[in-house]
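Have the sequence and the 3D view open as you read.

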Amino acid sequence: MAGADEPTLVAPLDHSAARAITGVVTAMAGDELDGGLRELARAHGLTLNTVAQAAWALVVGQLTGRTDVVFGATVAGRPADLPGMENMLGLFINTVPVRVRFSPEQTVAQLLRDLQTQQTELLDHQHLGLTEIQRLAGAGASFDTLMAFESFPGDPDGPPPIGALRFTEVGIRESINYPLGLVVTPFGGFELRLSYRPDLYDEPAAQAILDRLLRVLGQVAADPDVRLSDIEV
């Protein structure tokens, strides 16, 4: 976080704002884009999470007018080297800041490699609490957008996870206190779900943000050697 001195905010802070039920808009990447993103990740040794984070960073950068952005990422928080980790109950999830810096002359491939290297180096520290990180790093570690990559299956038609227990329906209901929260689900197609605070965004505005994200993902998948200055957000 060195050199990041200001929070990355897409909306003005208003601690007195009344809580409202979170709105949600969704979009699907479609088979062609889904296949293109998976081929991009495979060809360049990347995770789909890295590709999604980079695209989200470009959209947040457009919303804030910045080329150095920070957003929150929901992480699993289960260290692989913790004895007995696989048998411990609890979500263990945590939110950590993700910083993405980009410049016009960079190519998409360069941005993706840099981001994945950075995130890999931080894996062992994802248990650190957000409050502690922000205390140590200062205002630059503050943000008001979130992203979560849900890399776990939830198929009602899949095999039973516990004995004879069988899913009959899978659903989700969530609420956030951040202006924007993106969830990316790669199973059954590349699905995007954007939660938004209705006191800050209406449904068409939120849908427009998802459309921008899909537009960026499409260009990223089509040509990873394109310069970031040529990406149309």
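This is a predicted model: local features need pLDDT of at least 70, side-chain atom pairs count only at pLDDT 80 or more; totals for chains, interfaces and linings use all residues.

## Helix α1

The expected span of a helix is 1.5 Å times one less than its number of residues.

Which residues of α1 are buried? They are Leu 33, Asp 34, Leu 37, Leu 40 and Ala 41. Looking down the axis of α1, these buried residues fall within an arc of 125°, so they line one face of the helix. An α-helix has 3.6 residues a turn, so residues three or four places apart point the same way. Over on the other side of α1, Asp 31, Glu 32 and Arg 42 are exposed. The buried residues of α1 pack against α2, α3 and α5.

## Helix α3

Helix α3 covers residues 108-122. It has 15 residues and reaches 21 Å from its first C-alpha to its last, close to the 21 Å expected at 1.5 Å a residue. Its buried residues are Val 108, Ala 109, Leu 111, Leu 112, Leu 115, Gln 116 and Gln 119. Seen down the axis of α3, they fall within an arc of 160°, so they line one face of the helix.

What do the buried residues of α3 pack against? Their partners are the helices α1 (30-44), α2 (48-64) and α5 (203-222), along with strand β3 (94-101).

Two packed helices are described by the angle between their axes and the distance between the axes. For α1 and α5, the axes come within 9 Å and cross at roughly 55°. That makes α1 oblique to α5, and α1 passes α5 in a left-handed crossing. On the α1 side of the contact are Leu 33, Gly 36, Leu 37 and Leu 40; they meet Leu 214, Leu 217, Gly 218, Val 220 and Ala 221 in α5.

Now for α2 and α5: they pack at an angle of about 130°, with their axes 9 Å apart. These two helices are therefore oblique to each other, and here α2 passes α5 in a right-handed crossing. From α2, the residues in contact are Val 51, Ala 55, Trp 56, Leu 58, Val 59, Gln 62 and Leu 63. Across from them in α5 sit Ile 209, Arg 212, Leu 213, Val 216, Leu 217 and Val 220. Leu 217 of α5 meets α1 residues and α2 residues, and Val 220 of α5 likewise turns up in the contacts with α1 and with α2.

Gln 53 is found in helix α2. Is Gln 53 buried or exposed? Its relative accessible area is 5%, and under 20% counts as buried, so Gln 53 is buried. Leaving out residues up to four places away in sequence, Gln 53 touches Phe 71, Ala 73, Val 98, Leu 115, Gln 119 and Met 147. Among these, Leu 115 and Gln 119 are buried residues of α3.

Ala 54, also in helix α2, is buried with a relative accessible area of 5%. Setting aside neighbours within four places in sequence, Ala 54 is in contact with Leu 111, Leu 112 and Leu 115, which are buried in α3. Ala 54 and Val 216 are 162 residues apart along the chain, and their C-alpha atoms are separated by 9.5 Å.

How values were computed: Residues are numbered from 1 along each chain as its sequence is written. Side-chain values use heavy atoms; hydrogens and water are left out. Helices (H or I, at least four residues) and strands (E, at least two) are DSSP runs, numbered from the N terminus. Buried means under 20% relative accessible area, exposed over 50%, partly exposed in between (1.4 Å probe, protein chains only). The arc is that of the directions from the helix axis to the C-beta atoms. Contact means heavy atoms within 4.5 Å. Axes are lines fitted to C-alpha atoms, for helices over the stretch in contact, and angles run from 0 to 180 degrees between N-to-C directions. Angles under 35 degrees count as roughly parallel, over 145 as roughly antiparallel, 65 to 115 as roughly perpendicular and the rest as oblique. A crossing is left-handed if the near helix is turned anticlockwise from the far one by less than a right angle, and right-handed if clockwise.
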